[in-house]
Amino acid sequence: EDELWKTPEGSKVKLYRFDKEEKKWNDRGCVTVKFLKHKANGKVRLVMRNEAGKLLANHVVLGALKESNATSFVWTAVGDMAEGVAQDVTMSLRFGKSPDAAAAFKRQFADAQTGGAE
């Protein structure tokens, strides 16, 4: 897979996952965000790992990205494989004091929906 984009070093990005049963957001901690493009099929995946390297998100970029504010986004990850089985999960990323990284993430998410920019 080709890496299309990665959060810049020093960016503090927090991942939240919505728990449907408890009806609340769960803080998954700080993550590194990567967009990876599959060399054969061209699909773009969104992959996130925490500081210890644990996989917290792994799904093809589909659906709409909702902007809560300039540094916070919400979307539904269709078929996320981070837990070992495909499941649809509502996720949120907050870029804290990194508006440039947030803007770059938003552009890359949009590009990924149309096949990924080179």
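## Basis of the description

The model is predicted, and local features need pLDDT of at least 70, side-chain atom pairs count only at pLDDT 80 or more, and totals for chains, interfaces and linings use all residues. Residues are numbered from 1 along each chain as its sequence is written, and side-chain values use heavy atoms, with hydrogens and water left out.

Helices (H or I, at least four residues) and strands (E, at least two) are DSSP runs numbered from the N terminus.

## Nonpolar core

A nonpolar core is a set of buried Ala, Val, Leu, Ile, Met, Phe, Trp, Tyr and Cys residues joined through side-chain atoms within 4.5 Å. Here buried means under 20% relative accessible area, exposed over 50%, and partly exposed in between, for a 1.4 Å probe and protein chains only. The largest such core has 25 residues, and M48, L93 and F105 have the most contacts inside it. Two or more residues each come from strand 3 (24-37), strand 4 (44-50), strand 5 (55-60), strand 7 (72-80), strand 8 and helix 1. Helix 1 gives the most, with 6 residues.

Contact means heavy atoms within 4.5 Å. Leaving out residues up to four places away in sequence, M48 touches L15, V31, T32, V33, K54, L55, L56, A57, W75, M91 and L93.

## Aromatic pairs

Rings of Phe, Tyr and Trp (its six-membered ring) pair if their centres lie within 6.5 Å; planes under 30 degrees apart count as stacked, over 60 as edge-to-face and the rest as tilted. The count by this rule is 10 aromatic pairs. One of them, formed by W5 and F35, is tilted, at 6.0 Å centre to centre and 55° between the planes. Because W5 lies in strand 1 (residues 2-6) and F35 in strand 3, the pair ties together parts that are 30 residues apart in sequence. W5 and F35 are both buried. Ring pairs also link W5, F35, F73, W75, F95, F105 and F109 into a cluster.

## Pockets

On a 1 Å grid over the protein atoms alone, a pocket is an open set of points where a 1.4 Å probe fits, with protein on both sides within 12 Å along at least five of seven lines; lining residues have an atom within 4 Å of a point. Grid points are joined across faces, edges and corners, and a volume is the space filled by probe spheres set on the points. The largest pocket has a volume of about 190 Å³. Its lining consists of R17, F18, D19, K20, E21, N26, R28, Q87, D88, V89 and T90. Strand 2 (14-19), strand 3 and strand 8 each give two or more residues to this lining, and strand 8 supplies the largest share, 4 residues.

The second largest pocket has a volume of about 150 Å³. Of its 14 lining residues, T7, P8, S11, V31 and T32 lie nearest its centre. The largest share of this lining, 3 residues, comes from strand 3.

## Two loop residues

S98 is placed in the loop between strand 8 (87-94) and helix 1 (99-113). With a relative accessible area of 14%, S98 is buried. Apart from its neighbours within four places in sequence, S98 is in contact with S11, K12 and T71.

G63 is found in the loop between strand 5 and strand 6 (66-69). At 45% relative accessibility, G63 counts as partly exposed. G63 touches F109 and Q113, not counting residues up to four places away in sequence. The C-alpha atoms of G63 and W25 are separated by 20 Å, and these residues are 38 residues apart along the chain.
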